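Subject: Structure handover

Hello,

Here is the structure we discussed, for your files. My notes on what was found in it follow below.

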Amino acid sequence: MSDTSGQAALDTFPRLLMHHAAVRPNRPAMREKEYGIWQTYNWAEVAENVRAIACGLAELGFRRGDRLAIIGDNRPRLYWSVAACQCLGGIPVMLYQDAVAEEMAYVLQDAEIKFAVVEDQEQVDKMLEILPDVPFVEHIVYDDPRGMRHYTQTMLKGLDELQEMGRIHDRNQSDFLNAEIAKGASDDISIMLYTSGTTGKPKGVCQTHGAFIAAAKGATEFDKLSENEDILSYLPMAWVGDHLFSFAQAMYAGFTINCPESGETVMTDLREIGPTYYFAPPRVFENLLTTVMIRMEDAGAIKRKIFSYFMGVARRCGADILDGKPVSGSDRLQYWLGNLLVYGPLKNVLGMSRIRVAYTAGAAIGPDLFRFYRSIGINLKQLYGQTETCAYVCLQPDGEIKLDSVGKPAPFVEVKLADNGEILVKGPMLLKAYYKRPDATAESLNEDGYFMTGDAGFFDEDGHLKIIDRAKDVGKLNDGSMFAPNFIENKLKFFQHVKEAVAFGNERDFVTAFINIDLEAVGNWAERKGLAYAGYTDLAQQDAVYSLIREGIEQVNADLANDPMMSTSQIKRFLILHKELDADDGELTRTRKVRRKFIMERYGVLIDALYEGKQSQYIETEVKYEDGRAGKIAATLRIEDVKTFAPQGGKQAA
Amino acid sequence: MARQFGDVVIDLQNISLRFGGVKALTDISFNVVEHEIRAIIGPNGAGKSSMLNVINGVYHPQEGNIIFRGQQRQKMEPYEAASQGIARTFQNIALFKGMSVLDNIMTGRNLMMKTSFLHHMLYWGKAQREEIEHRKKVEEVIDFLEIQSIRKTPVGRLPYGLQKRVELARALAAEPTLLLLDEPMAGMNVEEKQDMCRFILDVNDQFGTTIVLIEHDMGVVMDISDRVVVLDYGKKIGDGTPDEVKNDPKVIDAYLGTSH
């Protein structure tokens, strides 16, 4: 992109794609592991395939402005379909591949989908199941033909066949697609991403080529990304983070994306690829660390000693070495040795040996977790953003990492705070509109054109943004002090034994919490202790587990007592839920955020029991199994009290 | 379902099998047609596994004829059956526990490996090409049965349900035209059973493989098989579609017991 006259024209994704195909045709653009081998597609091949899909879609009658639903795991051909749709001036609509049929129906209705590209038989079956609700769907194109032989519906077509049609079309009218690409403008909508929404129905966020290119450009320059980066694309394609990292940034910087073989092989694939640039939500880093810790606990005594000694060294000086701060010679030597014995092999096992920059976002990351990765030399940073801002608002600059902030406003982005602490942002990456929802669009943008994020936060002395909670979730205890549930829940979730937590306290006298234990971590702990258990529900109600969790909560309380704003938010009573909170039951969003209101309704009896001082409570809950059947789980849950601490400053704990 | 059945693959005529004085099978006749899923059911000790063993040449019946693809079968050994396109899985898993999933499935290709042992040790030229060819086929099977994530795992470390799947994979690697499954779903939970059913149907659908299976789970049998033969004490007491068999009083007696 040295040619400035060329640069001016690279304002849509199809043009960027054709540009890469021209200037770096033989560089790998995508890899996919199939039949045990990494298959590589270079930029020229990707462009050729995208052309074929685009022309094929045109042949089927796809017109400018039409919307194309794309559903499935991260497969090269689905990414190509996104680009193909953009070539024709259409709008790709990304759906979560694990969405149940009725959720899919809503989005298909809302976006008035006529064309869909789906991954496999499973998705086709879901589409056919909801067909009566979405009669306007005309064509369903599937990527993987397995199991599709006996489907006779005329609306179904294999992607191979579509591409063949497209190739013929492209040969006969070779200037058709170029003309279509030329018609595109930077201000056209390039993608629709549905917000999972912790409340209400999902909304389609319309983003333009310009917005995502600006976000990709900013991030690329900020972290000096080049065409040599490798990234593993394994997060849902419908998530803004994946679209930014695996599509927009790859298209802008021209680096390589790698699609794993299947959902279960991600860890192996990660190790094989050794990405240089990595993006994962905190829970992935958390799971990795939990696995490492569990395996370390099972290791021999010598290994354990070496590990804990050098982890101590890393804690002391690792992050400083990474940030280029002065560190004593002996520490440097020990760290070097540690790298040889522990950190290096560990990074290799995690598939992180080559990482230059790793990002996490989507939820708060525990300080211990964050420190762990940085201390072993992985440049893990946080970013802050949402679907409406192309996941691009704040980034942590290299060398200025603070554990509890999300960094400084990114290039081209302006951030300011409203009077109530709500974070407002403005910049080229803002959404164009919510699809067919002018009311929602108007509500989310204030009169000065700032997007209202709904998050509450503040800037610290160095200009780093700190996020406290969702602005609407921040409530008050009856004594008037602030109650930020997310803040408390995150502190709880930083314990490896706690998977989810829900805190209550708004307009109450004190704070209480529901806990979900982490079955893997607690199960392993129970195994080592020789505790027998029959399953999640049984394990969760055991005495030993309750005291394990209680210790954790007491630590959180001690920590909260030190925070002048939060000392009254110490948890007084808690219970461990009898089932894991699950997106299928509507308790979490697809991105695993707690749906507070829903949980408050569903588990009302439990909350009452927490505040009425009961020692136990019986509850029956309906659950949905993965195959769609409904069942019931019943249990009597114990409720326990926790010790609270006097706040710093001597005031008595309320 | 628009499925088409072909000619008779194997026709068993008046088969009797004895071990000394024990009559395992007495005068049993039934056939299996191309592309169908044929189930053999019956109470414990009814002779189901013996029947499979007769089909793939492990046991040689004292009486009766076996017509395989139009030809009278002479006395033959299991490997000859295998080279004729018959593959099977076993009731109690017969995998190499210490070997990886991949290596286990590779053994399914054994009969098709043409290059010599020495040549393979050199791993050069034809031996290398052949190995790559076989590996490719094996990878397709791995993909088909969705076991990519355990490719390199030693079989002994896998849960039972997955081991069963690996066994099916090994059988499929031989590219059989007739697949014998001995209790493919024994000891599985509901979800694993559902998966296994789907794979069996997919194999039948995708490759047109004829399948003979022994199964105890009546729900499974009635759902996936085209025709069912019922054995009891080494005798055939029923034969027909799942519905016919289900309502046959003799079958009901054998399964539920009678008060004679």
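A:Gln382 sits in strand β14 of chain A, residues 380-384; helices (H or I, at least four residues) and strands (E, at least two) are DSSP runs numbered from the N terminus. With a relative accessibility of 7%, A:Gln382 counts as buried (buried is under 20% relative accessible area, exposed over 50%, partly exposed in between; 1.4 Å probe, protein chains only). Its side chain reaches the backbone oxygen of A:Ser405 at 3.3 Å. Apart from neighbours within four places in sequence, the residues in contact with A:Gln382 include A:Tyr359, A:Phe370, A:Leu395 and A:Ser405, contact meaning heavy atoms within 4.5 Å.

On conventions: this is a predicted model, where local features need pLDDT of at least 70 and side-chain atom pairs count only at pLDDT 80 or more, while totals for chains, interfaces and linings use all residues. Residues are numbered from 1 along each chain as its sequence is written, chains are lettered from A and ligands numbered from 1 in the order in which they are written, and side-chain values use heavy atoms, with hydrogens and water left out.

Between the chains, 13 residues of chain A are in contact with 16 residues of chain B. The two chains bury about 1,400 Å² between them, 41% of it on carbon and sulfur atoms (buried area is the accessible area, 1.4 Å probe, that two parts lose on being put together, summed over both). A:Tyr35, A:Arg146 and A:His150 supply 48% of the area that chain A buries against chain B. There are three salt bridges between chain A and chain B, a salt bridge being a side-chain nitrogen of Lys or Arg within 4 Å of a carboxyl oxygen of Asp or Glu. A:Arg146 forms a salt bridge with B:Glu146, at 3.6 Å from N to O.

B:Glu146 also forms a salt bridge with B:Arg198, with the closest N and O atoms 3.7 Å apart. Within chain B, domain 1 covers 1-85 + 176-260 and domain 2 covers 98-174; these bounds come from an automatic or database domain assignment. The domain centres, taken over C-alpha atoms, are 27 Å apart. Domain 1 of chain B puts 21 residues into the contact and domain 2 of chain B twelve. The two domains bury about 1,300 Å² between them, 75% of it on carbon and sulfur atoms. On the domain 1 side, B:Pro176, B:Met196 and B:Phe199 lose the most area to domain 2, together 35% of what that side buries. Two salt bridges are found across this domain interface.

Regards

Methods:
A polar contact is a pair of N or O atoms within 3.5 Å; within protein, one must be able to donate a hydrogen and the other to accept it, and residues adjacent in sequence count only if both atoms are side-chain atoms.
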